[in-house]
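Please keep the sequence and the model at hand.

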Amino acid sequence: MIVRLENVGKSFGRFKALKDITFSLKKNERLALLGPNGSGKTTTVKVISGQIRPTKGYLEIFGRKKVDESARRKMGVVSHNTFLYEDLTAFENLKFFASLYDVDDERIKEFFHEFGLWKRRHDLVRNYSRGMKQRLSIARALLNDPELLILDEPTTGLDVESKNRLFELLSNFNSAIIFTTHNLQEAEIICERTVLIKEGRVIYDGRSENLEEIYRGIVE
Amino acid sequence: MKFLSIAIKDLRTEFRTKGTINFLFLFAFLSIMLFSATVSNPEPALLWVVFIFAGMLGYSRAFLREVETGTLDALKISPVSPSSILFGKIIYNAAIMLLLEVFVIPIFMAVFELYPENLILAVLILTAGNLAFVVVSSSLSVLVIKSRARELLLPILLFPVVFPVIISTVQAFSMAVSGNLEGIQAPISVILGFSTATLAVGYLTIDYALIE
């Protein structure tokens, strides 16, 4: 197991964002975290990526009991927030993040070619379209060849073409994926397994098949 | 060396947007002009007042900007220790502070016709005091980043904490200006001791301050 959560809870003051989250993820497994808005999907991935600490429960990442530097080195995170510096160029952004992951310049160049951004590499990120920013954000997340790629509603604000590009890219990605979405079709396309969250609790954990029926039966 | 990457990235962003630099320089320049017009016999302390106001408004920006743009989360998910983030911000603020000194000190000396007996020592004391101010403000700004009222909260927290540094720097600077260096070790010890203690507190608390 590369990720294990047992009875994880997270409170913000009196508000309990996560009440009881239990699931695990095997190496190279693709898991969709599905749920309506406010169900706790983003909080769950923030706990896994180490952006916030759980209030209760047990968390294990790559065999470690806390999300330390070594665990973060094996992860990549893509979110609707691009995590990019708008006043730096695309190249400067990747170079900065590459320096944090000890990745060399050659790898950065490869990514720019691979993601079709080579000609625009010296443009400020603020001048990029939403789709281009998201592509760059994915390149940033993949710089370190992560063993776990976390995608938190990455299709938010993307046009159809950009979404298709993203799905194509993910289909060629061989490591483990946690993909949060409230879109049933996206969960079925990308992941073989789905964890359904409602009001901070896991209410379904199984194959990504007939999700519409399951979702309607449980959530609605 | 990751802290250097953070500092270089911050400097590059700052020189592109010039949001903080423009504000600092304008404020510092206006303050000097204001004092020169209203005070007939300005004391060396006035120079430090320029740095207080400029620093209080400028040094916290390094962290607050990362919070506003959401890029602090990018640093949190990267394999970089919280202390590297803190040291990167301190180096960035120190670089901005040195630029401000280069800009302010000659203008101030010219406008107020202030010629210290021991110029090198006076500049060194100002730099040490400013560095202590940078360390204190950078360390404290981490503690308020989760607060919604962080921009208001920081100066309120900062002023009482940084006050001993200000008083000691003014004392030591006055001695360097007059050339009477007797007892200068005491205020210098306070500046160094205070900045070391605050840096230690910042180092020990940043992990808890950054992650909710």
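Which residue in S4(A) does A:Gly9 stand opposite? A:Gly9 stands opposite A:Lys56. This is a predicted model, in which local features need pLDDT of at least 70, side-chain atom pairs count only at pLDDT 80 or more, and totals for chains, interfaces and linings use all residues. Residues are numbered from 1 along each chain as its sequence is written, while chains are lettered from A and ligands numbered from 1 in the order in which they are written.

**Chain A overall**
- Chain A holds 8 helices and 9 strands; helices (H or I, at least four residues) and strands (E, at least two) are DSSP runs, numbered from the N terminus.
- The radius of gyration of chain A is 17 Å, close to the 17 Å that the globule rule gives for 220 residues, so chain A is as compact as a globular protein of that length.
- That radius is taken over C-alpha atoms, and the globule rule is 2.2 Å times the number of residues to the power 0.38.
- The C-alpha trace of chain A spans about 50 × 35 × 30 Å along its principal axes.
- Buried residues make up 44% of the 220 in chain A (buried: 20 or more other C-beta atoms within 10 Å of the residue's own, with C-beta atoms placed from the backbone).
- Of the contacts in chain A between residues at least 6 apart in sequence, 69% join residues at least 24 apart (contact: C-beta atoms, placed from the backbone, within 7 Å).

- S1(A) (residues 3-12) and S2(A) (residues 15-25) run antiparallel, joined by 7 bridges; two strands pair if DSSP finds at least two bridges between them.
- In this pairing, A:Arg4 stands opposite A:Ser24.
- The S1(A)–S2(A) hairpin has 2 residues between the strands, and A:Gly13 takes a positive phi near 65° there.
- S1(A) also runs antiparallel to S4(A) (residues 56-61), with 5 bridges.

**Strands S3, S8 and S9 of chain A**
- S3(A) (residues 30-34) pairs with S8(A) (residues 193-198) in the parallel sense over 4 bridges.
- Here A:Ala32 faces A:Thr194 as its opposite residue in S8(A).
- S8(A) pairs with S9(A) (residues 201-207) in the antiparallel sense over 6 bridges.
- A:Lys198 has A:Arg201 in S9(A) as its bridge partner.
- S8(A) and S9(A) form a hairpin with 2 residues between them, and A:Glu199 in the turn has a positive phi of about 50°.

**Helix H6 of chain B**
- H6(B) (residues 82-112) has 31 residues and reaches 43 Å from its first C-alpha to its last, close to the expected 45 Å (1.5 Å times one less than its number of residues).

Definitions and conventions
A residue is buried if 20 or more other C-beta atoms lie within 10 Å of its own, exposed if 12 or fewer, and partly exposed in between; C-beta atoms are placed from the backbone. Two residues are in contact if their C-beta atoms, placed from the backbone, lie within 7 Å.
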